[in-house]
Amino acid sequence: MNLLTAPLGVTPLLIVGAVLFVCGAVCMATKRNALGVLMGIELVLNGANVNFVAFSNPTLRADSQFSLGLDGQLIALFVIVLAAAEAAVALAIVLNLYNNHATVDLDRADELKG
Amino acid sequence: MDPINWQSFFFLLFSAVACFFAVAVVISQNIVRMAFYLILSLGATAGLFFLAGADFVGAMQLMIYVGGTLVLLVFGVMLTAQGPFITMKTRSGEWILAVIVGGSLLAVLVQTAISVDAWQGPAIPAPGDAEQVAAVAATQNEITHTATRLGMGMLGARVDQLEQSNPTVREGMSGYLLPFEIVSLHLLVVLVGAAYLARTKKRADAV
């Protein structure tokens with residue numbers, strides 16, 4: 001089987017990143033639970049990270065026009081840290097919503113509606 | 001029959017686990033199970049990072065994402081769930097619309113990923129060309145330790161690009177010291193703000 005014996009390039013990683021990204025986007029769009037939406041955001045950021053790491057892959061180094069080199073991994077680290085910070089703040093906001101409304105249903109968080 | 005390329009084998013294994021559990025996160029309606037599936041998906045993604053030669057990023061993924069962020073999410077589930085099996089159903093119209101839009105987006109992204117020839121990987125060498133076979137094998141089995149180079153990059157010295165041919169790029173190549181400082185301060189401010197926001201307050205209607 002060709003997939004098992006041939007060395008892989010960047011394309012399979014990009015496809016995995018695309019699947020993770022789309023799963024996260026659909027998760028953000030369909031969940032009504034605020035924590036479910038947060039998990040969708042984590043999936044989206046993770047899919048972006050997969051793409052960054054894919055473009056810093058050493059198998060790409062031969063044709064350096066597309067290669068990010070070490071920059072891709074550095075940006076992936078920044079994305080991981082920002083995802084952690086975002087999760088902390090969003091969780092605090094969700095806890096406040098739960099304290100004030102006794103629910104985490106996003107459809108009921110409509111106090112700002114004009 | 002060629003011998004199995006174990007890197008490709010483990011790549012397929014980890015990517016199958018990551019994609020399967022990402023889909024499971026979307027489909028599942030139980031928030032606790034979603035958190036568990038997300039842990040498995042992100043852990044498999046860390047395995048993909050190791051395979052792609054980003055060992056330090058994979059370790060950070062395991063430590064920060066799986067060990068920190070998801071523990072935070074699980075605590076959020078425990079602090080807010082009103083019952084052991086709480087579900088919030090989504091209307092089927094929303095599901096259909098989201099699946100249509102998501103499927104189109106996935107089709108566009110996959111089409112883009114497979115349409116560039118340079119991303120398809122190293123050219124498969126002819127069996128007789130021993131030199132090229134050795135070159136591809138060397139790229140595949142090259143052991144990269146990126147932790148030192150990443151740390152130096154964070155501190156402002158790009159030891160991976162010392163022989164940068166373009167002099168303009170080399171002079172301005174100061175690494176990532178300023179973004180590192182900004183992200184550190186951002187993390188501090190964000191955590192203080194989160195602690196302030198999450199303080200228990202009296203409800204407005206209870207006064």
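Predicted model: local features only at pLDDT ≥ 70, side-chain atom pairs only at ≥ 80, totals over all residues.
**Chains**

Chain A has four helices and zero strands. From the N terminus on, its elements run α-α-α-α. Chain B is helical too, with eight helices and zero strands. Its order from the N terminus is α-α-α-α-α-α-α-α.

Burial is given per chain. In chain A, 63% of the 114 residues count as buried. In chain B, buried residues make up 30% of 207. Chain A exposes about 4200 Å², and carbon and sulfur atoms supply 63% of that area. For chain B the accessible surface comes to about 12600 Å², with 70% belonging to carbon and sulfur atoms.

Contacts with a separation of 6 or more can be split by sequence distance. In chain A, residues 24 or more positions apart account for 56% of them. In chain B, the share from residues 24 or more positions apart is 44%.

**Helix H2 of chain B**

H2(B) covers residues 31-51, 21 residues in total. From first C-alpha to last it reaches 30 Å, close to the 30 Å expected at 1.5 Å a residue.

An α-helix has 3.6 residues a turn, so residues three or four places apart point the same way.

The N-terminal end of H2(B) is capped by Asn30(B). A side-chain oxygen of Asn30(B) lies 3.1 Å from the backbone nitrogen of Val32(B). Just after the helix, Gly53(B) takes a positive phi of about 85°.

**Helix H3 of chain A**

H3(A) is itself mostly covered, with 17 of its 22 residues buried. At 1.5 Å a residue, those 22 residues should span 32 Å; the end C-alpha atoms are 33 Å apart, which agrees.

This helix is capped at its N-terminal end by Asn33(A).

**Salt bridges**

The structure holds two salt bridges over all chains.

| Asp105(A) | Arg32(A) | 2.8 Å |

Asp105(A) is buried, with a relative accessible area of 9%. Arg32(A) counts as partly exposed at 23% relative accessibility.

Glu94(B) counts as partly exposed, at 28% relative accessibility. Arg91(B), at 55%, counts as exposed.

**Ser56(A) in its loop**

Ser56(A) is found in the loop between H3 and H4 of chain A. Is Ser56(A) buried or exposed? It counts as buried because its relative accessibility is 5%, against a cut-off of 20%.

Leaving out residues up to four places away in sequence, Ser56(A) touches Gly69(A), Gly72(A) and Gln73(A). The C-alpha atoms of Ser56(A) and Gly69(A) are separated by 4.5 Å, although the two are 13 residues apart along the chain. The side chain of Ser56(A) also reaches the backbone oxygen of Val53(A), at 3.0 Å.

**A nonpolar surface patch**

Which residues form the nonpolar patch on the surface? They are Ile4(B), Trp6(B), Phe9(B), Phe10(B) and Leu13(B). Together they have about 460 Å² of accessible area. Ile4(B) sits in the segment before H1 of chain B. At 35% relative accessibility, Ile4(B) counts as partly exposed.

Key:
Residues numbered from 1 in each chain as written. Chains lettered and ligands numbered in written order. Heavy atoms only, no water. Helix = DSSP H or I, 4+ residues; strand = E, 2+ residues; numbered from the N terminus. Expected span 1.5 Å × (residues − 1). Polar contact = N/O pair within 3.5 Å; in protein donor to acceptor, adjacent residues only side chain to side chain. Patch = residues over 30% accessible without salt bridge, like charges linked within 9 Å, V, L, I, M, F, W, Y side chains within 5 Å. Areas by Shrake-Rupley, 256 points an atom, 1.4 Å probe, with all protein chains shown as cover. Salt bridge = Lys/Arg side-chain N within 4 Å of Asp/Glu carboxyl O. Buried < 20%, exposed > 50% of the residue type's maximum accessible area, 1.4 Å probe, protein only. Contact = heavy atoms within 4.5 Å.
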